[in-house]
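Look at the sequence and the structure first, then read on.

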Amino acid sequence: MKSSTSKAAVCHTPPTVVQPDKEALIRRLNRVEGQVRGVNKMILEDRYCVDILNQVSALQSALDAVAMLLLENHTHGCMQGAIKSGKGDEAIDELMTVVRKFAR
């Protein structure tokens, strides 16, 4: 019987990671935050469903862009470091777990 602990749980997770594109990430997230407030306002104002759905689609795209930037940073930073230190297999397992979440 398999243990309930996932492979990702056994990988080394650093306590903090300095994002190389922190300012770009924050700008994107601030835009997303504004879009969420806009969608909230549209719902409160009883706006047309298709207009709201178009904004939700834009929100999803904006969040996907944030995720891709984080994934790129992770691959070039954390993954590269793990491979160089001999922990590549664990890091790849962890990465694939995350990628599968986005492939749904």
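## A buried asparagine and its surroundings

Asn73 has a relative accessibility of 12%, so it counts as buried, the cut-off being under 20%. The residue belongs to helix H3. Leaving out residues up to four places away in sequence, Asn73 touches Gln19, Pro20, Asp21, Leu25 and Cys78. The model described here is a predicted one.

## The chain as a whole

What is the secondary structure of the chain made of? It comes to 4 helices and 0 strands. In sequence order the pattern reads α-α-α-α. The chain has 104 residues, and buried residues make up 16% of them. Among the contacts between residues at least 6 apart in sequence, 62% join residues that are at least 24 apart.

## Helices H2 and H3

Helix H2 covers residues 22-44 and helix H3 covers residues 49-84. Their axes come within 10 Å and cross at roughly 160°. Angles over 145 degrees count as roughly antiparallel, so H2 and H3 are roughly antiparallel to each other. The crossing of H2 and H3 is left-handed. The residues in the contact of H2 with H3 divide into 18 nonpolar, 3 polar and 2 charged.

Two residue pairs can be followed in this part of the chain. Ala62 lies in helix H3, and its relative accessible area of 21% makes it partly exposed. Ala62 and Val32 are 30 residues apart in sequence, while their C-alpha atoms are 6.5 Å apart in space. Not counting residues up to four places away in sequence, Ala62 touches Val32 and Gln35.

The second pair is Glu33 and Leu59. Glu33 sits in helix H2 and counts as partly exposed, at 45% relative accessibility. Along the chain, Glu33 and Leu59 are 26 residues apart, and 9.1 Å separates their C-alpha atoms.

## The loop between H2 and H3

Asp46 is placed in the loop between H2 and H3. Most residues other than glycine have a negative phi. Asp46 is not a glycine, yet its phi is positive, at about 55°. With a relative accessible area of 70%, Asp46 is exposed.

## Helices H3 and H4

How are H3 and H4 oriented to each other? Helix H4 covers residues 88-102, and it packs with H3 at an angle of about 165°, the two axes being 9 Å apart. H3 and H4 are therefore roughly antiparallel to each other. H3 passes H4 in a left-handed crossing. On the H3 side the contact is made by Ala67, Leu71, His74, Met79, Ala82 and Ile83. On the H4 side it is made by Gly88, Ala91, Ile92, Glu94, Leu95, Val99 and Phe102. The residues of the contact of H3 with H4 divide into 10 nonpolar, 2 polar and 1 charged.

One of the H4 residues in this contact is Gly88. Is Gly88 buried or exposed? Gly88 is buried, with a relative accessible area of 11%. Leaving aside neighbours within four places in sequence, Gly88 is in contact with Ala82 and Ile83. Gly88 and Cys78 are 10 residues apart in sequence, and their C-alpha atoms are 10.0 Å apart.

## Cysteines and disulfides

A disulfide is a covalent bond between the sulfur atoms of two cysteines. How many disulfides does the count give? With a cut-off of 2.5 Å between cysteine sulfur atoms, the count comes to 0 disulfides. Cys49 is exposed, with a relative accessible area of 53%. Cys78 counts as partly exposed, at 27% relative accessibility. Cys78 is also one of the residues that Asn73 touches.

## Exposure values side by side

The table collects the exposure of residues named above.

| Residue | Relative accessible area | Class |
|---|---|---|
| Gly88 | 11% | buried |
| Asn73 | 12% | buried |
| Ala62 | 21% | partly exposed |
| Cys78 | 27% | partly exposed |
| Glu33 | 45% | partly exposed |
| Cys49 | 53% | exposed |
| Asp46 | 70% | exposed |

Conventions:
Residues numbered from 1 in each chain as written. Predicted model: local features only at pLDDT ≥ 70, side-chain atom pairs only at ≥ 80, totals over all residues. Heavy atoms only, no water. Axes fitted to C-alpha atoms, helices over the stretch in contact; angles between N-to-C directions. Helix = DSSP H or I, 4+ residues; strand = E, 2+ residues; numbered from the N terminus. Parallel < 35°, antiparallel > 145°, perpendicular 65-115°, else oblique. Left-handed = near helix turned anticlockwise from the far one by under 90°. Nonpolar A, V, L, I, M, F, W, Y, C, P; charged D, E, K, R; others polar. Buried < 20%, exposed > 50% of the residue type's maximum accessible area, 1.4 Å probe, protein only. Contact = heavy atoms within 4.5 Å.
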